[in-house]
Amino acid sequence: MEKYFKDFAEKIRTREELIFFLEEIARVRQIIFKDKEVSLSKKMEGKVSRELKKFLESLEKEGVISGSRERQSAFLEKLEKELQSLPEIRLEIAFSPDDDSLERISQWLEKELGQKIILDLTINPKVVGGAIIEYQGNWREFSLAKEIDQLISQPPHL
Amino acid sequence: MSDFKSFLEKTGEIGRVVGLNHYLAYVSGLPALKLGEMVITENEERGLAHGLDKEMAEILMFDAGKLKVGDGVARTNNFFQIPVSQELLGRIINPLGQPIDGLGPISGEKKYLPIQREATGITQRVRVNKFLETGVMAVDLLVPIGYGQRELVIGDAKTGKTTFLLQTLANQAKKGVICVYTGIGKETSAIKAVEDYLKEMKVFDKTVMVIATSENPSTINYLSPFSGMTIAEYFRDKGKNVLIIFDDLTSHAKFYREISLLVKRVPGRSSYPSDIFHIQAALLERAANIKTPDNKEASITALPAAETLENDISGFIQTNLIAMTDGHIFFDINNFRKGKLPAINAFLSVSRVGNQTKEPLDQDLAGWIRRKLVEYQRVMEIAQFGGELPLATQKLLDLGKKLEILFNQSPKTIIPRALQLLLFGLLLSGFWEDKPQNMMKIEIDTILKNYKEAFPEAEKEMEGIKNLEELKNFAEEIIPKVKEILYRPL
């Protein structure tokens, strides 16, 4: 079971994406009990995103969540909890990263921290460059703005 | 750079507000936060770490309503501190050390001291050995207080507790003692009345007023006595004798109860938290007579006030306070209703260490007065049945009434020890024996008004008197002088 949660978590990089998927899972949990005869994949049609639908269909095919609706609901509840417990890192950066940059940042952090991590990004142009990082109550500033401030406040070497 | 940012850089730790409940903030993060540590928010508001959980901390905020969920909070790595300096004298501040008298910032060099400090250890403490004159005759003679003592002033609302406390403050401030008045949950009008009294008595510049009004959040009110005590310790450590008044600690307990219920502590008796005794005892324990490094003595005398309801001194907080002080002065509502002012009930008041500071003469006099008051009470009970009373009983009744007249004292009158002895000397010598009570009242007032001019050397002369007989003889000697004041043409 752990493997399936991990696979799905891999698709999520940012806090916004996490909130989006949590809302979708909540929606699926609501429709599970609607029609007894219809399969879960049919019930999801047009109601959830492609990624989640694909993920749950593959699980249904593999027989992980097929059969009882209670089993499906319990799986989704567990998935919800797993996703909510993912650690977050707050980054304050000067630019809005494109998908490629986001992927690179996410993978680098994952490699450095040795675990899956959710990015909570704040765009603040005053940072100029670099980043201000907040992780598990620890705060570090690696911004260009700070470097510039220090440079300006230092007396000139004559 | 803002304070928040500089603390953030210094500690490298940040917390985020995840929940709010009035002035209580739940903050996640801040991994190394300590209990009692001060925190600062990104809006530059201050708070105090009150409880630590595995996931989050409970922070008591001092400005309710400004904080939002998601706001950043930084540690300061300091326990809650307030700025103290000599310049605090004659100022009114809030428990955060900020001036609230509209006279601008407090200038001069400041020292930052934590408000929660351990009490002085036993090796540094010395015996309470010097008499503290309150200027209120009933107290000075029957329930004497010493420098470094903790004496509870207990009684119903509006029975004259604050008046007595202010009389004591004024008398002591005039003698050079530094005074700290700590108001807890008082109305602004009551604070103004205190300020006006101190200004009228010309002692405002020798007093620090630490004020938390009923408009302030409970957190501010809770801090008030601790801030006051820290200021008192600052002056005590400079070798001064300090008098601190807590007006009042029953309100303080109620504010702490409110906070504790808000943070979901298990409520105990009367819904008070289980640590209420410890909180207030640890505060009062900081008052003492101590030995300074240069082998002199300096003291903090604490006079906490406590309110009762219909003379019931058996309430939870009231009995706690009685247990943690060195005695109590009980203001009896029944005495107040009978017009006895101050409404002190001498029989239910006690001073555990004050008597050891008194001269043998004062002790003899106190013993005599107590005896006569007990006898007077006993015959009063018999007298109410009517019938003709023997002459001795009639005399005793008259003496009892005259004692009551002597102890009646207006709020603005301060009677020094020498004058107290002189008046009782006159009573002992029979000066007022056959005079009507109204006449006695007028004569006492006249003596009080002209005492300094007629007996400039009274204090010195009193020093030589060792027992009641000598006091009586002294009074007989000065009767012509007293008559001179009383019967001189206008």
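The model is predicted: local features need pLDDT of at least 70, side-chain atom pairs count only at pLDDT 80 or more, and totals for chains, interfaces and linings use all residues. Residues are numbered from 1 along each chain as its sequence is written, while chains are lettered from A and ligands numbered from 1 in the order in which they are written.

**The chains**

Chain B holds 15 helices and 19 strands. Chain A has seven helices and four strands. Helices (H or I, at least four residues) and strands (E, at least two) are DSSP runs, numbered from the N terminus. In sequence order, chain A reads α-α-α-α-α-β-α-β-β-β-α.

| Chain | Radius of gyration | Globule rule value |
|---|---|---|
| Chain A, 158 residues | 21 Å | near 15 Å |
| Chain B, 490 residues | 26 Å | 23 Å |

The radius of gyration is taken over C-alpha atoms, and the globule rule is 2.2 Å times the number of residues to the power 0.38. Chain B is close to the rule, so it is as compact as a globular protein of that length. The C-alpha trace of chain B spans about 85 × 50 × 45 Å along its principal axes. For chain A the spans are about 85 × 30 × 25 Å.

Burial was counted for each chain. A residue is buried if 20 or more other C-beta atoms lie within 10 Å of its own, exposed if 12 or fewer, and partly exposed in between, with C-beta atoms placed from the backbone. In chain B, 44% of the 490 residues are buried. In chain A, 15% of the 158 residues are.

Two residues are in contact if their C-beta atoms, placed from the backbone, lie within 7 Å. Among contacts in chain B with a separation of 6 or more, 72% join residues 24 or more positions apart. The corresponding share in chain A is 61%.

**Domains**

Domain bounds come from an automatic or database domain assignment. Chain A is split into domain 1 (2–84) and domain 2 (88–153). Their C-alpha centres lie 31 Å apart. Six residues from domain 1 of chain A and eight from domain 2 of chain A make the contact.

Chain B has domain 1 (3–78), domain 2 (83–358) and domain 3 (384–487). The C-alpha centres of domain 1 and domain 2 of chain B are separated by 31 Å. Here 13 residues of domain 1 touch nine residues of domain 2. On the domain 1 side, β4 (46–52) and β5 (56–61) of chain B each give two or more residues. That side divides into six nonpolar, five polar and two charged residues. Ala, Val, Leu, Ile, Met, Phe, Trp, Tyr, Cys and Pro count as nonpolar, Asp, Glu, Lys and Arg as charged, and the others, Gly among them, as polar.

**Between the chains**

Nine residues of chain B contact seven residues of chain A. On the chain B side, α1 (3–11) and β1 (14–21) are the elements that give two or more residues. By class, this side has four nonpolar, three polar and two charged residues.

**Helix α11 of chain B**

Helix α11 (residues 391–407) of chain B has 17 residues. Its first and last C-alpha atoms are 24 Å apart, close to the expected 24 Å. The expected span is 1.5 Å times one less than the number of residues. Gly400(B), Lys402(B), Leu406(B) and Phe407(B) are buried in α11(B). Seen down the axis, these buried residues fall within an arc of 165°, so they line one face of the helix. The arc is that of the directions from the helix axis to the C-beta atoms. The buried residues of α11(B) pack against α2 (137–142), α10 (360–383), α12 (417–428) and α13 (437–454) of chain B.
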